[in-house]
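Here are a few exercises to work through with the model open beside you. Try each task before reading its solution.

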Amino acid sequence: MQAPVEYQQRFAHIQEDHRRTYVSMVSFLDDQLRNITDTMKALGMWDNTLMILSSDNGGYVGDFDGDCNTTSGGTEGSDVGHGTACFNGEAGANNFPLRGGKYSNFEGGIRVNAFVSGGYLPAEVRGTQLQGIIHVADWYGTLCKLAGVSSHDQWAAQSGLPPPDSVDVWPMIVGTNLTSPRETILVTKDVLIRGPWKYIRGNTKMIESAWGGKDYSTPYT
């Protein structure tokens with residue numbers, strides 16, 4: 001894990017190397033989204049744009065599996081002088097108030113942040129929050145409906161496969177219906193979510209079961 005030095009300097013008050021590097025990377029990503037947004041606005045494309053960002057899983061909260069190294073000085077193109085780099089690739093997250101993290105079937109591992117933006121989004125719902133459940137696969141059915149094409153997979157049907165498990169969540173996003181059409185999510189063969197309930201088969205191994213705290217330095221993070 002590594003971020004440009006100027007982003008690391010923004011968070012110099014964070015003493016733990018993995019955490020400081022992690023939030024620096026997230027800050028860098030935020031700025032790149034702003035750059036994309038500003039460019040699309042400058043080109044007159046933003047009003048017809050629908051931007052969707054959805055995380056793939058919760059942040060990693062396990063033990064550090066690798067050290068961090070800090071260098072200074074160096075020249076352009078050099079491997080040194082880029083501040084702090086951490087070598088495990090996964091550390092420094094905090095999913096508070098959810099339990100667990102990446103690789104876990106607890107909510108901290110599978111319940112993630114997402115947002116929809118862009119000029120195509122009705123003005124009255126911009127900046128609002130939704131609590132309805134959405135599976136990442138539902139973007140397929142939603143975008144097919146918006147594009148005016150069928151989500152039916154003819155080849156799959158001819159092969160005897162079931163139809164795509166993807167529902168149109170656009171009515172919920174724009175406020176037409178605040179109840180999500182998605183009721184069930186099969187997380188794994190041992191974990192099923194149905195409405196407000198989660199079924200976990202007996203003797204299923206549940207890893208990364210710790211809770212974080214409001215501050216990253218809490219002992220259970």
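**Exercise 1. Find the disulfide, and work out its handedness.**

Start with the count: there is 1 disulfide, taking a disulfide as a pair of cysteine sulfur atoms within 2.5 Å. The bond joins cysteine 68 to cysteine 86, with an S to S distance of 2.1 Å. These cysteines link distant parts of the chain, 18 residues apart: cysteine 68 lies in strand β2 (residues 68-71) and cysteine 86 in strand β3 (residues 83-86). Helices (H or I, at least four residues) and strands (E, at least two) are DSSP runs, numbered from the N terminus. Next, look at the torsion about the S-S bond of cysteine 68 and cysteine 86: it is about 100 degrees, so the disulfide is right-handed. Finally, cysteine 86 is buried at 3% relative accessibility. Buried means under 20% relative accessible area, exposed over 50%, and partly exposed in between (1.4 Å probe, protein chains only).

A word on the model: it is predicted, so local features need pLDDT of at least 70 and side-chain atom pairs count only at pLDDT 80 or more, while totals for chains, interfaces and linings use all residues. Residues are numbered from 1 along each chain as its sequence is written, and side-chain values use heavy atoms, leaving out hydrogens and water.

**Exercise 2. Describe the salt bridge between arginine 10 and aspartate 31.**

First, the criterion: a side-chain nitrogen of Lys or Arg within 4 Å of a carboxyl oxygen of Asp or Glu. The side chains of arginine 10 and aspartate 31 meet at 2.9 Å, N to O. This pair also links distant parts of the chain, with arginine 10 in helix α1 (residues 5-10) and aspartate 31 in helix α2 (residues 17-42), 21 residues apart. To finish, widen the view: Arg10, Asp31 and Arg34 are linked in a network of salt bridges.
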